[in-house]
Amino acid sequence: MSAKVWLVGAGPGDPELLTLKAVRAMGEAQVVLIDDLVNPAVLEHCPNAQVIAVGKRGGCRSTPQAFIHRLMLRYARQGKCVVRLKGGDPCIFGRGGEEAEWLAERGIEVELVNGITAGLAGATQCGISLTQRGVARGVTLVTAHTLDGSSPEWHALAKTGTTLVVYMGVSSLQQVQAGLMEGGLPVNTPVAMIENASLPQQRECRSDLGAMCTDAARFQLKSPAILVIGEVAAKAGSQVLSQIA
Ligand code: SAH
């Protein structure tokens, strides 16, 4: 029996955004460890697996990472096919790299399966093309929440000329705004704040850099949400500003 752990991206929420490979891995799984941002609807693809919720909102208040590591190891050493299902992509703010290294060091075979990350899906669901030709020369995925509590280099990020997609930013809107404005990004830079991207309860709040904090408060923006900051965020809004009026 070969011990194997699949680290699988479940995408942003809409079950139709799963990859075929994710579906195959779930179909083979005997044990599925599921994160809090995974839409439980995707579990229809693993009807025979034992499902264990290991996310903060999934049952345990906050399952320590070390415990998750040990759970994966224990089941893999029992020869079980283990799928660790993560929201979005396992390697975009998903600890996929850490978990893969930890398991590999212990001789466990690991296979990573991409998922569609929330930042890309959220933009697309709102009609925003993150690298629209002639408008943005690239895209930067960045978290507002760093491991050591330090602030990302917003000043430097303001100067990249790329669209910024900010993860885990809802509780740091003021720092994002202040840092980017101090870095020279104009106050009228378009901002789209997208909550529950790709799920039926998706909401989008269009604003700009100067007004993003007040607009988010009026909109009662909640996590999980991503921020898209840059000229492309003014494009093709389906509900531009009407939701916050
Ligand atoms: N690995 C995930 C990211 C996990 S970090 C991925 O690739 O998408 C958690 C952050 O992701 C949240 O704070 C939020 O910023 C973002 N996020 C995850 N799912 C989301 C969703 N459906 N809508 C909007 N943002 C989401």
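In what order do the five strands of the open sheet stand? The order is E3-E2-E4-E1-E5, and the pairing is parallel.

## What you're looking at

This is a predicted model, where local features need pLDDT of at least 70 and side-chain atom pairs count only at pLDDT 80 or more, while totals for chains, interfaces and linings use all residues. Residues are numbered from 1 along each chain as its sequence is written, and side-chain values use heavy atoms, with hydrogens and water left out.

## The sheet

A quick word on terms: strands (E, at least two residues) and helices (H or I, at least four) are DSSP runs numbered from the N terminus, and two strands pair if DSSP finds at least two bridges between them. In general, strands of a sheet pair through backbone hydrogen bonds, either parallel or antiparallel.

At the edges you'll find E3 (50–53) and E5 (109–113), and each has a single partner strand, so one side of each is left without a sheet neighbour. From one strand to the next, the twist averages 20°. Take E2 (residues 31–34) and E4 (residues 81–86): they run parallel and are joined by four bridges. Valine 32 has valine 83 in E4 as its bridge partner.

## Helices across the sheet

Axes here are lines fitted to C-alpha atoms (for helices, over the stretch in contact), and angles run from 0 to 180 degrees between N-to-C directions. Contact means heavy atoms within 4.5 Å.

H1 (residues 20–28) lies across E1 (4–9), E4 and E5, at about 140° to E1. H2 (residues 65–77) lies across E1, E2, E3 and E4, and runs at about 150° to E4.

## Helix against helix

H2 also packs on H3 (residues 96–105) at an angle of about 50°, with the axes 11 Å apart. That makes the pair oblique; angles under 35 degrees count as roughly parallel, over 145 as roughly antiparallel, 65 to 115 as roughly perpendicular and the rest as oblique. Among the contact residues are Ile68 and Leu73 of H2, and Trp102 and Leu103 of H3.

Now for H6 (residues 173–182) and H7 (residues 212–219): their axes come within 9 Å and cross at roughly 160°, so the two are roughly antiparallel. Their contact includes Leu173 and Val176 of H6, plus Met212 and Ala216 of H7.

## Charges over rings

A charge sits over a ring if NZ of Lys or CZ of Arg is within 6 Å of the ring centre and within 35 degrees of the ring normal. The charged end of lysine 4 sits over the ring of tryptophan 6, 4.1 Å from its centre. Likewise, the charged end of arginine 203 sits over the phenylalanine 219 ring, 3.9 Å from its centre.
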